[in-house]
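Hi,

Here is the structure we talked about passing along. Have a look at it first, and my notes on what turned up follow below.

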There are 2 protein chains.
Amino acid sequence: MKINGQQYRTIWPDPADKAKILIIDQRKLPHEFIIESLSSVKEAATAIRDMHVRGAGLIGATAAFGMHLASIQATRGKLDTALAEGAVLLDRSRPTAKNLKWAVDRILETAGKANSDEEKRKLVYETACAIADEDAAFCKALGVHGCSIIEKISKAKGGETVNILTHCNAGWLAFVDYGSATAPIYAARDAGIKVHVWVDETRPWNQGARLTAWELQQEGIDCTLITDNAGGHLMQQRMVDMVIVGTDRTTHTGDVANKIGTYLKALAAHDNNIPFYVALPSSTFDWELDNGSDIPIEERSEKEITTISGMTEDGRIETLQLTSPETRALNHGFDITPARLISGLITERGITAANKEDIHRLFPEKAMS
Amino acid sequence: MKINGQQYRTIWPDPADKAKILIIDQRKLPHEFIIESLSSVKEAATAIRDMHVRGAGLIGATAAFGMHLASIQATRGKLDTALAEGAVLLDRSRPTAKNLKWAVDRILETAGKANSDEEKRKLVYETACAIADEDAAFCKALGVHGCSIIEKISKAKGGETVNILTHCNAGWLAFVDYGSATAPIYAARDAGIKVHVWVDETRPWNQGARLTAWELQQEGIDCTLITDNAGGHLMQQRMVDMVIVGTDRTTHTGDVANKIGTYLKALAAHDNNIPFYVALPSSTFDWELDNGSDIPIEERSEKEITTISGMTEDGRIETLQLTSPETRALNHGFDITPARLISGLITERGITAANKEDIHRLFPEKAMS
C-alpha cells in the first residue's frame, strides 16, 4: 500500500544485501517514518517483542525472515543449531500470536528437506519470501470476499456511506500488504463503494490512533478516530453498519483472540444487531486448541499504560507520565471473543460461520491433520 | 476525604471571604494539587465547562455556589436579573449533568420565597451550603447501603478480597465528599472488609488514571489501573466480583447516563453474571424523562482525544499530539446503559431495582409530582 504516494510492503529483503531485512519501525508512526535494517535473528526477535513490527501476518513474516538471518549467520557445521536456537528465540518473543509459530514451524519443516547447508539456506530464504508473498496474496483474496459484505450493506442503504468500525490495527501495517480487517475496505473503495471507518484508538499502545488512522489517510479512506469507550454508544445510535477486526489467533472452533477490548465491541454489536466480522488469513487458525480460553494471553509492561509518547509542539518525541508515580497497572494484551458473538470469519477461501463444522468444511486438509 | 493526610472537601466557601468559593482544580491532578478561587458566576460556569471541577454532585454544588456568587455580585435592583442570567449561564455549561439543573432550580425556587434582597442573598447562600452538605450526607448514606452488597460478596468468598471494577471517577472528587461509586468502598474499608479496585483509565480525559487511582491511594485503598479495553477480559477471568459506577443522569425508569464506555462494561458484566450497580444521590434522578435515549449527550472537543497532557521526567506539565495532524476525532462524553443491564441502584434511601415501579416506591414524593 502507499506511504506518501509510494508503494511499500511492511517487510522486504534489502535489495543491496540479502543478509539484511528492512522493516518500517512502527513505534514512531505517525510522527516519524523510519526504515530499520535487521541483520540477525536476535534483532528480529527484539523487533517482534518490542513491537517495532506487530500484527498477525507481519509477526509471522518477520519470524520467517528472522530464521533466514539465523541461517545466514550460522557458522560452518552449526546451521541446524542456529535454526533451532533461532526458533526458540522467536517463539518466545510474543506468546499469543499464532502466525509466529506457524511461520517458524514451516521454515523448520522446509529446512529439514534440504540435502546440504547451501540448499538449506536457499530453501529457508525462499520459504520466508513465499510466506511474505502468500500473506499479501491471502489478504488480497480475503479482501475480495469481505468486500461482498460491504457491497450488500451499501446496496441496502441505497448507496449511502457504509460505516465500518475497527479495533486496533489489522491494516496493511499488521501484515505484509493489504491487511486483514482493512483489505475488504480497500477493495470496497476500489469498487467505488462509499465507506467511512470508525477507528478505535486502542489503548494502551494506540495502534488505532497511530497506525490505522494514518494508513487509511495515506490511502485516502475517510475515517474518524474514537476512544475505545465510544463504539457501544455509536452502535446504539445506528452510526455503525458493521464491525471488522483482525485476530492474532483463532481456534478451529471459531473463538477469536484479538487485541484487548475486541470482546467488548463484539458484545455491543450483538446487543445492537450489528454484523461483527473477523478477517484472517488461514495461517492465523490454531488447529489444535478447542477453546479460546486455552489461548495464552500476553501480559506486557505497566509502563505502556502509565506513560505515553507523542510529539511536542516543536516536533520532539517526548514521553509523559500520566498517573501518580505510585500507580500500579495491569496490562493484558488480548482478550477472547467467543464464537457465538461472531457473524462470520472472512478468509482467503471465502466467508465461513465461526464454528468447527463450517471452518473444517472450508479447510478440509487441515481438519484431517 | 484525605489529601496528604489532611481532610478536604472538593468545594468550600473561603473562610476569609464569603464572596470567594474555593475548589480543587482537577485538571492538573495527580501531578499538581492546586486550590483555585472562584469569585464570579462566570468563573463558576467556566470551571464547570472546562472541567476544573466535574462529576455529578460537584457540578451541582459548584452551580449552587455559582448562583451565590451571582447574588453577591448583583448591583442594586438587579438581583433577580443576575440570578436569572446566572442560571442560564450555568445551565449551558454541561448538558448531560442532571445535578446542575437540579441545583440551579432549587436555588431559584428558594430565592423566590425571600421578601428582600438581603434575605434573598442569605437564602441563596444557605441553600448552596445545604446542597453541598446534603450531597456529602447522601453520599455517606448510600455508602452504608452499598457496603452491605460488598459485605455479602466478601462473606461468600470466605473473607477473601472483593474485586470491584469502576469506570471514570465517581469518587469523592466527583462530589463534595465520599463519592457515589466509591462511598460503599470507603465504608467497606472502614468495616474491615478487604477490597481491591480495578480502575478503568477512562479515555479521553483519564478521570480514572488521574483522579480515581489517586484518591484511592490517598485513602490507602488497594487499586490497579487498567485500560478501558480490559474489563471484559478480567470479568471472563473471574477477576471482578462486582462493578459500581456513578451516573450523571438516571431516568426515573432506571436508564443510566454515565461516562462513555459504561454501557460496554454493563454488557460484559451481564454476559459474565457479575453484579453491576449504579450509585447515586437522588438529586441525579431525572423525574421527567421516560427513556434514556432522550438524555442529551454532550459532544466535546476532538483535541481531548488527539492530544494528551502529563508530566515530563523533569517535572514539567507538557501536552503531546498523539495522532497525525490530519486525524479527525469524535468525542461524545456519555453513553446510556439500559435499565435491563443494571443489578440495582444504590441511593441514600437504600438499594432499588432499576425500574420505574421500584424507584417510585423508594421516592414516593417524587413519583407524585
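**Between the two domains of chain A**

Domain 1 of chain A and domain 2 of chain A have one salt bridge between them, where a salt bridge means a side-chain nitrogen of Lys or Arg within 4 Å of a carboxyl oxygen of Asp or Glu. Arg94(A) and Glu298(A) form a salt bridge, with their closest N and O atoms 2.7 Å apart.

Before going further, a word on the ground rules. This is a predicted model, so local features need pLDDT of at least 70 and side-chain atom pairs count only at pLDDT 80 or more, while totals for chains, interfaces and linings use all residues. Residues are numbered from 1 along each chain as its sequence is written, chains are lettered from A and ligands numbered from 1 in the order in which they are written, and side-chain values use heavy atoms, with hydrogens and water left out.

Back to the domains: the assignment for chain A gives domain 1 as 2–134 and domain 2 as 142–368 (the bounds come from an automatic or database domain assignment). Their C-alpha centres lie 24 Å apart. Domain 1 of chain A puts 32 residues into the contact and domain 2 of chain A puts in 34, contact meaning heavy atoms within 4.5 Å.

About 3,000 Å² is buried between these two domains, with carbon and sulfur atoms giving 57% of it. Buried area here is the accessible area (1.4 Å probe) that two parts lose on being put together, summed over both. On the domain 1 side, Arg54(A), Thr96(A) and Lys98(A) lose the most area to domain 2 of chain A, together 22% of what that side buries.

There are also 21 residue pairs in polar contact between the two domains (both at pLDDT 80 or more). A polar contact is a pair of N or O atoms within 3.5 Å; within protein, one must be able to donate a hydrogen and the other to accept it, and residues adjacent in sequence count only if both atoms are side-chain atoms. (Helices, H or I with at least four residues, and strands, E with at least two, are DSSP runs numbered from the N terminus.)

**Between chain A and chain B**

Chain A brings 63 residues to the contact and chain B brings 62. The two chains bury about 4,600 Å² between them, 59% of it on carbon and sulfur atoms.

Six salt bridges run between the chains. One of them pairs Glu201(B) with Arg203(A), at 2.6 Å from N to O. Several elements of chain A give two or more residues to the side that touches chain B, among them helix H7 (207–218), strand S8 (222–226) and helix H9 (262–271). H9(A) gives the most, with six residues.

How do the copies relate? Chain A can be laid on chain B with an RMSD of 0.0 Å by a turn of 180 degrees and a shift of 0.0 Å along the axis (superposed by least squares on the C-alpha atoms of residues with pLDDT of at least 70 in both). That is the relation of a two-fold axis. In chain A, the C-alpha nearest the axis belongs to Leu264(A), 2.9 Å from it.

Cheers
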